[in-house]
Amino acid sequence: MTRVALLDYGVGNVFSVRRALERLGAEVVSTSDPSVVAASTRVVLPGVGAFAPARERLAASGLEAGLRAALDGGARLLGLCLGFQLLFEASEEFGTTQGLGLLSGRVVPFPPGARVPHVGWNRLETEGAAEGPLLAGLPRGSYVYFVHSFRPEGADPADVAAFCEHGGRFVAAARRGNVWGCQFHPEKSSAAGRRILANFLSEAA
């Protein structure tokens, strides 16, 4: 059974993510203990809400240090929604806040005229994206579920696993080495989401 540390830092929908992983056979430990995170081989960083408070909680709680220690030890990380945005270098949500810097790029508002928040099912586009294990086995044009008001831009093209179209094209999923992330919610994305989570659990860490 694959063991997963699910970071509980007060800003994520931990229950639904935990349930989705457990349905795939994972042993999930919801934790706010940095030492537990540091010793883990698979870590999930969820998140719902504003970037700056989430970033501050990660740092103040010691979970950021635990997360970086786990990555240094070869762990695989999956960031979801706000957790995905936190992987980037900075966010422009209500001022500039530095991110974790694990992926290149910044989190910015949708352009004027785009419906915000971007809520509901939308199609993943993989044309021009880098292939890799994150979306392995996923049918082309699969639909996934989004809820967000900001989006990443300026990502390294080699890291981009999928795009989405809403107010222009934006990065919907990315991967750099052991760092994986999805702007959408795989735990709410039916068969497509289950496939992505299964890929995260099965790929060797």
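Modeller: Strands β12 and β13 run antiparallel and are joined by four bridges, where helices (H or I, at least four residues) and strands (E, at least two) are DSSP runs numbered from the N terminus, and two strands pair if DSSP finds at least two bridges between them. This is a predicted model, in which local features need pLDDT of at least 70 and side-chain atom pairs count only at pLDDT 80 or more, while totals for chains, interfaces and linings use all residues. Residues are numbered from 1 along each chain as its sequence is written, and side-chain values use heavy atoms, with hydrogens and water left out.

Biologist: Which residue stands opposite Gly-181 in β13?

Modeller: That is Ala-174; in the hairpin of β12 and β13, which has two residues between the strands, Gly-177 takes a positive phi near 60°.

Biologist: And the β13 side chains, buried or exposed?

Modeller: Val-179 and Gly-181 point one way and Trp-180 and Cys-182 the other, and all are buried, meaning under 20% relative accessible area with a 1.4 Å probe and protein chains only. In a regular strand, side chains alternate between the two faces of the sheet.

Biologist: How many bridges join β4 to β13?

Modeller: Four, and these two strands run parallel, with Val-179 as the bridge partner of Leu-77.

Biologist: What is the strand order in the open sheet?

Modeller: The order of its seven strands is β2-β1-β3-β4-β13-β12-β11, with mixed pairing. The edge strands, each pairing on one side only, are β2 and β11.

Biologist: OK, pockets now. How much space lies in the largest pocket?

Modeller: About 340 Å³, a volume being the space filled by probe spheres set on grid points that are joined across faces, edges and corners. A pocket here is an open set of points on a 1 Å grid over the protein atoms alone, where a 1.4 Å probe fits, with protein on both sides within 12 Å along at least five of seven lines, and lining residues have an atom within 4 Å of a point.

Biologist: What lines the largest pocket?

Modeller: There are 21 lining residues, and Ala-130, Glu-131, Gly-132, Leu-135 and Ala-161 lie nearest the centre. Strands β11 and β12 each supply at least two residues of that lining.

Biologist: And where is the centre of the second largest pocket, in terms of residues?

Modeller: Nearest that centre lie Gly-49, Cys-81, Val-147, His-148 and Ser-149, from a lining of 13 residues, and the second largest pocket holds about 190 Å³ of space.

Definitions and conventions: Buried < 20%, exposed > 50% of the residue type's maximum accessible area, 1.4 Å probe, protein only.
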